[in-house]
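Please look at the sequence and the three-dimensional model shown here before reading on. The report that follows takes up a few parts of the model in turn.

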Amino acid sequence: MDDCIFCKIARGEIPCHKVYEDNDILAFLDTNPVTRGHCLVITKEHFQNLLYVPKDLLGKAMAAAQKIAQAEVASLGAKGVNILINTNEVAGQTVMHFHIHVIPRYDSKDSLKIDFIPRQISELNLPAVASLIKKDL
Ligand code: AMP
Ligand code: ZN
């Protein structure tokens with residue numbers, strides 16, 4: 001993955017503001033932070049997105065995200081945290097290397113907007129949707 005910006009960060013070829021590192025995982029500040037302390041947690045190995053990450057590494061990445069979230073609350077004074085994993089372009093993924101956003105929240109009226117605008121439940125046939133998902137698990 002020669003051209004992948006997060007692979008370059010993982011290899012130390014591009015600098016980052018590192019907050020956590022172990023053999024498999026790296027976490028650093030996002031350079032376009034939505035709030036103060038907005039971090040990204042990545043696997044050092046390249047996976048295009050969540051859909052391709054082996055579950056042991058996913059567990060390690062999520063454990064690191066939890067530690068960072070706890071530190072943001074303890075040390076930065078965040079009152080809450082959003083964990084966000086954009087997966088594919090339609091969901092807003094711009095860097096095609098798996099990453100978890102850990103976004104501290106200080107004020108519900110800050111610049112992060114995640115709007116859940118529910119559809120009419122009658123349009124959606126919930127039993128059929130549940131069956132379709134379950135059959136591939
Ligand atoms: P996403 O839209 O979920 O793919 O998020 C990618 C994130 O990576 C964005 O929030 C960018 O600000 C961030 N980003 C891109 N390049 C860098 C970089 N060199 N160092 C830190 N964060 C970066
Ligand atoms: Zn990569």
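## Strand 5 and its partners

In this predicted model, Ile 42 stands opposite His 99 in strand 5. Strand 3 and strand 5 run antiparallel and are joined by four bridges, while strand 4 and strand 5, likewise antiparallel, are joined by five bridges; on that side, Ile 83 has Val 102 of strand 5 as its bridge partner. Two strands pair if DSSP finds at least two bridges between them, and the strands (E, at least two residues) and helices (H or I, at least four residues) are DSSP runs numbered from the N terminus.

How many residues of strand 5 are buried? Seven of its seven residues are, where buried means under 20% relative accessible area, exposed over 50% and partly exposed in between, with a 1.4 Å probe and protein chains only. In a regular strand the side chains alternate between the two faces of the sheet. Both faces of strand 5 are covered, with His 99, His 101, Ile 103 and Arg 105 buried on one side and Ile 100, Val 102 and Pro 104 buried on the other.

The five strands form an open sheet in the order 1-2-3-5-4, with antiparallel pairing. Its edge strands are strand 1 (18–21) and strand 4, each of which pairs on one side only, and the twist averages 20 degrees from one strand to the next. Strand 1 and strand 2 pair in the antiparallel sense over three bridges, and Tyr 20 has Ala 27 in strand 2 as its bridge partner.

Helix 2 (residues 55–75) packs on this sheet, touching strand 1, strand 2, strand 3 (39–43), strand 4 and strand 5, where contact means heavy atoms within 4.5 Å. The direction of helix 2 makes about 15 degrees with that of strand 5; axes are lines fitted to C-alpha atoms, for helices over the stretch in contact, and angles run from 0 to 180 degrees between N-to-C directions.

## The zinc site

The zinc ion (ligand 2) is coordinated by Cys 4 (SG), Cys 7 (SG), His 46 (ND1) and His 97 (ND1), at 2.0 to 2.3 Å. Donors are N, O and S atoms within 2.8 Å of the metal (3.2 Å for Na, K and Ca), and water is not among the atoms, so sites may look incomplete. The four donor atoms subtend angles of 104 to 117 degrees, which makes the arrangement tetrahedral, a class that requires all angles to lie between 85 and 135 degrees.

In sequence the donor residues are spaced C-x2-C-x38-H-x50-H. Cys 4, in the segment before helix 1 (5–10), and His 97, in the loop between strand 4 (80–84) and strand 5 (99–105), lie 93 residues apart and link distant parts of the chain. Cys 4 counts as buried because its relative accessibility is 11%, and His 97 is buried with a relative accessible area of 0%.

## The aromatic pair

A search of the whole structure finds one aromatic pair. Phe 6 and Phe 28 form this edge-to-face pair, with 5.5 Å from centre to centre and 80 degrees between the planes. Rings of Phe, Tyr and Trp (its six-membered ring) pair if their centres lie within 6.5 Å, and planes under 30 degrees apart count as stacked, over 60 as edge-to-face and the rest as tilted. Phe 6 in helix 1 and Phe 28 in strand 2 (residues 25–29) are 22 residues apart.

## Basis of the values

Residues are numbered from 1 along each chain as its sequence is written, and chains are lettered from A and ligands numbered from 1 in the order in which they are written. In this predicted model local features need pLDDT of at least 70, side-chain atom pairs count only at pLDDT 80 or more, and totals for chains, interfaces and linings use all residues, while side-chain values use heavy atoms, with hydrogens and water left out.

Definitions and conventions:
Tetrahedral: all angles 85-135°; square planar, octahedral: opposite > 155°, others 65-115°.
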